[in-house]
Amino acid sequence: AQTAADYTIAEENITTVEYEIKLAYSVPCDGKTHFVAIQTKDVPANYVHFAAPKMDKDAFLVAKITNWDELNLAAGSANIYFDGTFVGESYIDPTNLSDTLDLTLGRDKNMVVTRVKQKDKTKEKLIGEDKVKTVTYEITIRNTRSSSSNFNLQDQIPVSQSKDIVVAMLEATGGELDETSGIVNWKFNLKPKETKKITLTYTVKFPKDKALAGL
């Protein structure tokens, strides 16, 4: 069935975009909100999975759209549908300077992510006037899909706000550390039915008379 989108011509001016709709459209006067399709476009996207198990145990499917500034999108809330199913809302900001628009398509239960503290590898020892605590986490990602996935994993180590406390990363299985935020990023391809394990180990040195929590 044809809609107003099939009869719409977009005319781009210096500061605005005007849409000329050459089709009469009846809107019921029932006091309810009705949506009219003004324009429809097929947009190619690259799909990646993102997970930050320290904050949320689930993985999220994200669509990355390049050259999105050519779509003449208006600022505002957007309803996101994936495979014909409503998956949530997002906000589109045309003033964003990034050349890629990221749209979250919801949680993907086919990606199983766990983050477990390794008690046998977490220890504390006394060195002079300081204590040194070693903390190890094991992160496991399992792809139960029948297709491969480009995966972006994110975790974080503590960031010291005191010169008396020193944090050092010992192992991150190939992850890249941002020392300012303490965020560690991993990017990898996960094959169908593949399971990947990542070890994150860091040490915290602090005065023995201080008590630290949340490590």
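Predicted model: local features only at pLDDT ≥ 70, side-chain atom pairs only at ≥ 80, totals over all residues.
1. Residues are numbered from 1 along each chain as its sequence is written, and side-chain values use heavy atoms, with hydrogens and water left out.

2. Let's begin with strand 9 (130–143). Strands here are DSSP runs of E with at least two residues, numbered from the N terminus. Strand 9 is mostly covered, with 10 of its 14 residues buried; buried means under 20% relative accessible area with a 1.4 Å probe, protein chains only.

3. Which strands does strand 9 pair with? Two strands pair if DSSP finds at least two bridges between them.

4. Ile127 stands opposite Asp130. The hairpin of these strands has two residues between them, and Gly128 takes a positive phi near 65°.

5. Now the inside. The largest nonpolar core has 22 residues, and Val113 and Ile141 are among those with the most contacts inside it, as are Phe151, Trp186 and Ile198. A nonpolar core is a set of buried Ala, Val, Leu, Ile, Met, Phe, Trp, Tyr and Cys residues joined through side-chain atoms within 4.5 Å. Strand 14 (195–207) is one of the elements giving two or more residues to this core, and strand 14 gives the most, five.

6. Have a look at Leu153. Leaving out residues up to four places away in sequence, Leu153 touches Ala51, Pro53, Ile139, Ile141, Val184, Asn185, Trp186, Phe188 and Ile198 (contact means heavy atoms within 4.5 Å).

7. What is the volume of the largest pocket? About 1200 Å³. A pocket is an open set of points on a 1 Å grid where a 1.4 Å probe fits, with protein on both sides within 12 Å along at least five of seven lines; lining residues have an atom within 4 Å of a point. Strand 5 (76–82) supplies the largest share of the lining, seven residues. Gln39, Leu73, Ala78, Asn79 and Ile92 are the closest to the centre, out of 29 lining residues.

Key. Buried < 20%, exposed > 50% of the residue type's maximum accessible area, 1.4 Å probe, protein only. Helix = DSSP H or I, 4+ residues; strand = E, 2+ residues; numbered from the N terminus. Points joined across faces, edges and corners; volume = space filled by probe spheres on them.
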